[in-house]
Amino acid sequence: MADPNGTAVIIGTSIVTFLTGFFLGVYSVRGYLISPDLRAERTSNLKDPIESDESDIDEDDTILDHAPNWSNGLDADRKQGLRLEQEEEDKATAEKTKSSKKKGGKKGGAEANAPAAGQAKEGSPNEECKLVLVVRTDLGMTKGKIAAQCSHATLACYKTLSRAQAKNPSSAEAKILQRWERLGQAKIAVQVKSEEEMLELMGKARSLGITAEVIQDAGRTQIDPGSLTVLGVGPAPKSQVDLVTSSLKLL
């Protein structure tokens with residue numbers, strides 16, 4: 001026959017062991033059994049802010065936030081810093097015209113057949129039309145930045161001809177735009193090394209009646225605000241655009 005006293009001792013010991021283990025576990029989880037130094041370190045770690053997922057993104061890969069609103073026209077483009085101010089455009093054109101007058105004399109070769117200042121020349125119906133994108137290489141723009149600025153210049157030139165087409169569908173500008181779209185929308189990227197050279201080319205193009213638009217960067221990423229980045233020359237007949245850009249090296 002089993003000893004009742006022995007059974008009671010076993011049951012009592014089991015209960016005490018269970019309760020002791022339970023309370024030790026609770027105290028351990030709550031940190032009561034950890035040294036003060038470890039407890040302080042643990043508490044400080046819990047208060048550290050969570051690092052943003054965006055902190056690992058390279059600044060060079062940040063999405064550009066100065067894309068133009070192409071539905072609002074010239075005023076919106078200039079307000080966003082994507083067009084050369086009209087006063088600067090007029091000044092550059094005037095300086096180029098003044099310089100040409102000082103040289104005087106008769107022009108020979110291809111320039112003798114150039115259109116009057118401000119008048120677009122349609123050229124032969126079968127002649128290829130092209131758009132030349134003149135990129136400044138002295139600004140140190142990355143490939144992605146150059147691509148974005150060339151896109152702005154392309155759309156700026158296209159909008160200029162589109163507005164002329166809307167006013168007069170039978171105008172030379174309208175026919176040039178239609179031919180450029182029909183024959184593959186040729187685009188060529190060339191380079192210049194200074195703002196002065198770019199402005200000179202813009203003045204020459206406009207004096208020949210060729211569409212010319214300069215993009216002015218807002219300066220929110222890689223370059224200084226107001227920097228002139230890309231000049232779009234055309235679309236226009238190839239023979240006319242070559243009068244302006246044929247001497248430039250490819251980008």
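How many residues of strand 4 are buried? Ten of its 10, so to speak: strand 4 is mostly covered, with 10 of its 10 residues buried. By buried I mean under 20% relative accessible area, with exposed over 50% and partly exposed in between, using a 1.4 Å probe and protein chains only.

Before I go on, some housekeeping. This is a predicted model, where local features need pLDDT of at least 70 and side-chain atom pairs count only at pLDDT 80 or more, while totals for chains, interfaces and linings use all residues. Residues are numbered from 1 along each chain as its sequence is written, and side-chain values use heavy atoms, leaving out hydrogens and water.

Okay, the overall layout. The chain has eight helices and four strands, and along the sequence they go α-α-α-α-β-α-α-β-α-β-β-α. Those are DSSP runs numbered from the N terminus: helices are H or I with at least four residues, strands are E with at least two. Of the 251 residues, 33% count as buried. Among contacts between residues at least 6 apart in sequence, 73% join residues at least 24 apart; a contact here is heavy atoms within 4.5 Å.

Two strands pair, by the way, if DSSP finds at least two bridges between them.

Back to strand 4, residues 228-237. Strand 4 runs antiparallel to strand 1, joined by six bridges, and V134 stands opposite L231 there. With strand 3, strand 4 pairs in the antiparallel sense over five bridges. Two of the pairs to click on: E213 has G232 as its bridge partner, and I215 stands opposite V230. As a reminder, side chains in a regular strand alternate between the two faces of the sheet.

Just after helix 6, G184 takes a positive phi of about 105 degrees.

Helix 5 covers residues 143-167 and includes A147, which counts as partly exposed at 41% relative accessibility. A147 and V230 are 83 residues apart in sequence, but 10.0 Å apart in space, C-alpha to C-alpha.

The chain exposes about 15500 Å², with carbon and sulfur atoms supplying 55% of it; areas come from Shrake-Rupley with a 1.4 Å probe, and for residues only the protein chains shown count as cover. I11, in helix 1 (residues 4-29), is partly exposed, with a relative accessible area of 47%.
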